[in-house]
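Student: I'd like to learn how to read a model like this one. Could we go through it together?
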Amino acid sequence: MAKKRIIQAINEALVEEMTRDERVILFGEDVEISLFGDTRGLSQRFGPSRIRNTPISETLITGMALGAAAAGHRVVAHMMFANFTYTGFDSIANQAAKLRYMTGGQARLPVTYVAAYGGGRSIAAHHSDTPYPLLMNLGGIRVAVPATPEDAKGLMKSCIRSDSPSFFLEAGGRGGEMGEVPDGDYVTPWGKAAVRCTGGDVTVVAIGSMVKLAMAAAEVLRNEHSIHVEVIDPRTLVPLDEDCILSSVEKTGRLVLVDESRDSCSAASHIAAIVADKAFGSLRAPIRRVTVPDVAMPYAPNLERLVMPSVERIVATIQQLTDSRP
Amino acid sequence: MKENPGDNRPSSAERLAMYERMLLIRRVEERLGADFKAGKLIAGVHLYSGQEAVGVGVCQHLRDADWIASNHRGHGHFLAKGGDVRAMMAEIHAKVTGVCKGMGGTMHVADLSKGILGANGIVGGGISLICGAAYSQSLQGDGGVSVAFFGDGASTQGVMSEALNLSALWKLPMIFICENNLFSEFSRSDTVVAGRIVDRAGAYGVPGVQVDGNDLDAVWAAASQAVQRARNGEGPSFIEAFTYRMSGHVEAETGFLQGAKYRSEEEVQSWVERDPIQRQMAQLLSTQQATLDQLTDIEARVLAQVEDAVQFAIDSPPPPPEQALQFMFA
């Protein structure tokens, strides 16, 4: 174990996977210099044939990744900001998500799309989106949203080793966060949530960078209100660990979802629907969602803080739910 | 397969093989057209009739390990690249014995084991896939080639320009085959495409040629040069082949167009007179590279193959219900 930043953990995963398997290649815009630091140093280490700057051509990059994968490589396509995947969305929605199905299982497509998501840094509406709800809806894409350095490394490895297209979404503003990273080779499994803290009063499912806020809220509630929160980090949204969420709700009877995507058809609303379907009898209070209202991300910091989920909003939501505790 | 693609004419044996393959495509498409009209198909089909010389003339230079990507008008490319006619027919009939087990259908015939990366319902959708396959081949350094077949309609998609830029810069073994059949679905392409399509290649420093796409020799010779260039690591090439779809955009169109016309009978007739198969037949006979008896035998063999494929498709079962939820993830 050693303490590392999230971005360092991602970088280590890339180095280790590229060393382990020479079929792994990585390309994207400015990956050689690396804006975020996740691909920094790879170009010097692995050379220009395996790490390559592309033109600013997202429509091409997303499809190229699939073609190169079909032809035998394991491809990491770095999309830089998640908003730029919209420009390349044709090949994600029409090819990546569908090629295997529509060829009757012929296509093996080991592609990892990497993108930084989320708000909080006043980089406004074209650099702050959280696109996993769209990706979840496509059906054929695996979606990893790590919250800790340990999982960032383990999930990057799982993505690269997957024979299906996957998205690795790194929280744009959180790369500098520190955490323990195990030594040696390990992968974080698909569809296996992590219970970040246990509690009997309310279940909070928090996604990606929201885990940290949920943990802070749990501490406030425990210390100041004697409310015991169970925080679940799904780690991967496709596949989703439904069992972990359902068994927690069966224990607590209350559910709050914290998700920094826009509210309509969010991951939060999808999980709420699953719990309403499968654990309705366990619920002692309405399911609540702490999300971003259906607006573009504002530039002004005061407005951005207002629309993003916050510790205060999570605390207030949970307090309301538990006011009527028996 | 051509041993020496520097020759500018195919051998007699190659010419006969290409003739047979063109004829197979034509007879398959004619059968599908007739079966659609008779209500025997489940969906409309986009027929390749009239364009056979392009697919066949290009694929004659390719090996199984080379990749092609096709479009919604993909039956011809599939057969030209060596796809199995039974497996394709069963796919079109939505049977579990189909090449994609009935999951893709007429617009998506793919056989990855034969380098057929798929036929695409998104106009221009195959271009980026092939650019990636070409990148993979260039890294593997095995002389592989990747070919994108697309139409004049796809030339207006942004991805074509993006792929020209990147493939030129990275010297990828990619070949752009633009089958200019004069129509972007139901719009005349001169009303929706500015300038000469081949000139887009020149702007990126990619060598481009225009050829008569109904002339097998011309297509074969242009493709020979492009494939050689790609295999030698000299980068991409662009071929704009002028041709014509003898059928409409899709066989279902007479129903939904409700009598509306987008091309004249005279125009169709003028292209029927330039039928690439008839031209090849005349050439084979006039140059005594084949006898009428030989061609009659080929015709009989092809018709038997088509009949066998249709029967195979009809006799095959549909996919089992559980298959609806399979194949999403590896």
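Student: At roughly what angle do the axes of helix H1 and helix H8 of chain A cross?

Tutor: A word on the ground rules before the angle. This is a predicted model, where local features need pLDDT of at least 70, side-chain atom pairs count only at pLDDT 80 or more, and totals for chains, interfaces and linings use all residues. Residues are numbered from 1 along each chain as its sequence is written, with chains lettered from A and ligands numbered from 1 in the order in which they are written. Helices (H or I, at least four residues) and strands (E, at least two) are DSSP runs, numbered from the N terminus. Axes are lines fitted to C-alpha atoms, for helices over the stretch in contact, and angles run from 0 to 180 degrees between N-to-C directions. Here, H1 (residues 6-20) and H8 (residues 149-161) of chain A have axes that come within 8 Å and cross at roughly 30°. H1(A) and H8(A) are therefore roughly parallel to each other (angles under 35 degrees count as roughly parallel, over 145 as roughly antiparallel, 65 to 115 as roughly perpendicular and the rest as oblique).

Student: Which classes of residue make the contact of H1(A) with H8(A)?

Tutor: Two residues are in contact if their C-beta atoms, placed from the backbone, lie within 7 Å. Contributors include A:Ile6 and A:Leu14 of H1(A), and A:Met156 and A:Ile160 of H8(A). By class, this contact has 9 nonpolar, no polar and 4 charged residues (Ala, Val, Leu, Ile, Met, Phe, Trp, Tyr, Cys and Pro count as nonpolar, Asp, Glu, Lys and Arg as charged, and the others, Gly among them, as polar).

Student: In what order do the strands of the open sheet in chain A run?

Tutor: Strands of a sheet pair through backbone hydrogen bonds, either parallel or antiparallel. Two strands count as paired if DSSP finds at least two bridges between them. The open sheet has 7 strands in the order S3-S2-S4-S5-S7-S6-S12, with mixed pairing. Its edge strands are S3 (51-53) and S12 (236-238), each pairing on one side only. Inside the sheet, S4 (residues 74-81) and S5 (residues 111-117) of chain A pair in the parallel sense over 5 bridges. Helix H3 (residues 58-70) of chain A packs on the sheet, touching S2 (24-28), S4 and S5, and its direction makes about 165° with that of S4(A).

Student: And between the chains, how many residues are in contact?

Tutor: 34 residues of chain B are in contact with 35 residues of chain A. H5(B) gives the most to the side of chain B that touches chain A, with 12 residues. That side has 20 nonpolar, 12 polar and 2 charged residues.
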